[in-house]
Amino acid sequence: MDQSLLRPGKTDDRSANLHFQKFTVDDVLNFIGYGPLQVLAFCLAGLTTLSFGLEVIVFAFIEIPVQRKWNLTDVEYAVLPSTTGVSNIIGGFFYGYLGDRYGRVWPYALSLLNIGVAGLASAFSPNFPTLIVLRFLVSFGLMG
């Protein structure tokens, strides 16, 4: 089935029993229009996508400075990206459950707060275990 919506009024070619006229998603969006809420939702979705992309790239940029600062081997450093991968899975289940239970708005706002606070705090990590925990929380929030 194509991505069109059906409206009472005209006969649909696929069924003689249904009296519907098709119109596209673009027709619906033009009818509804765009307001400040749609623009805000679009911007928040874009920022979330940007955050997820930056989370993936950040490990390439911090690897050498982190290894030098705390004298880590490659194996010790590998714990950081591995841990954040696991937290993505856990965060997905957690925020998925919250979204199903309480709606999408509050879990999404909570995840953005989680990303912002933990991400900023991770920039000031005093040691490697703290950095692991804070990056775990950032990745956990990314799945909201």
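What follows is a short chat about a predicted model of one protein chain.

Me: What should I know before reading the numbers?
Reply: This is a predicted model, where local features need pLDDT of at least 70, side-chain atom pairs count only at pLDDT 80 or more, and totals for chains, interfaces and linings use all residues. Residues are numbered from 1 along each chain as its sequence is written, and side-chain values use heavy atoms, with hydrogens and water left out.

Me: OK, how many helices and strands does the chain have?
Reply: The chain has 5 helices and 2 strands. Helices (H or I, at least four residues) and strands (E, at least two) are DSSP runs, numbered from the N terminus.

Me: And in which pattern along the sequence?
Reply: The pattern reads β-β-α-α-α-α-α.

Me: How much of the chain is buried?
Reply: Of its 144 residues, 26% count as buried. Buried means under 20% relative accessible area, with a 1.4 Å probe and protein chains only.

Me: Which residues make up the largest nonpolar core?
Reply: The core has 8 residues: F59, V66, L72, Y77, L80, F128, L131 and I132. A nonpolar core is a set of buried Ala, Val, Leu, Ile, Met, Phe, Trp, Tyr and Cys residues joined through side-chain atoms within 4.5 Å.

Me: Which elements supply it?
Reply: Those giving two or more residues are α2, α3 (74-102) and α5. The largest share, 3 residues, comes from α5.

Me: Take F59. What is F59 in contact with?
Reply: Leaving aside neighbours within four places in sequence, F59 is in contact with Y77, L80, P81 and T84. Contact means heavy atoms within 4.5 Å.

Me: Is T84 buried or exposed?
Reply: T84, found in helix α3, is buried, with a relative accessible area of 4%. Beyond four places in sequence, T84 is in contact with E55, F59, R135, F136 and S139.

Me: New topic. How much space lies in the largest pocket?
Reply: About 290 Å³. A pocket is an open set of points on a 1 Å grid over the protein atoms alone, where a 1.4 Å probe fits, with protein on both sides within 12 Å along at least five of seven lines; lining residues have an atom within 4 Å of a point. The volume is the space filled by probe spheres set on the points, which are joined across faces, edges and corners.

Me: Which lining residues are closest to the centre?
Reply: Of the 16 lining residues, V58, G119, S122, A123 and R135 are the closest to the centre. The elements giving two or more residues to the lining are α2 (36-70), α4 (105-122) and α5 (128-142), and α2 gives the most, with 8 residues.

Methods
Buried means under 20% relative accessible area, exposed over 50%, partly exposed in between (1.4 Å probe, protein chains only).
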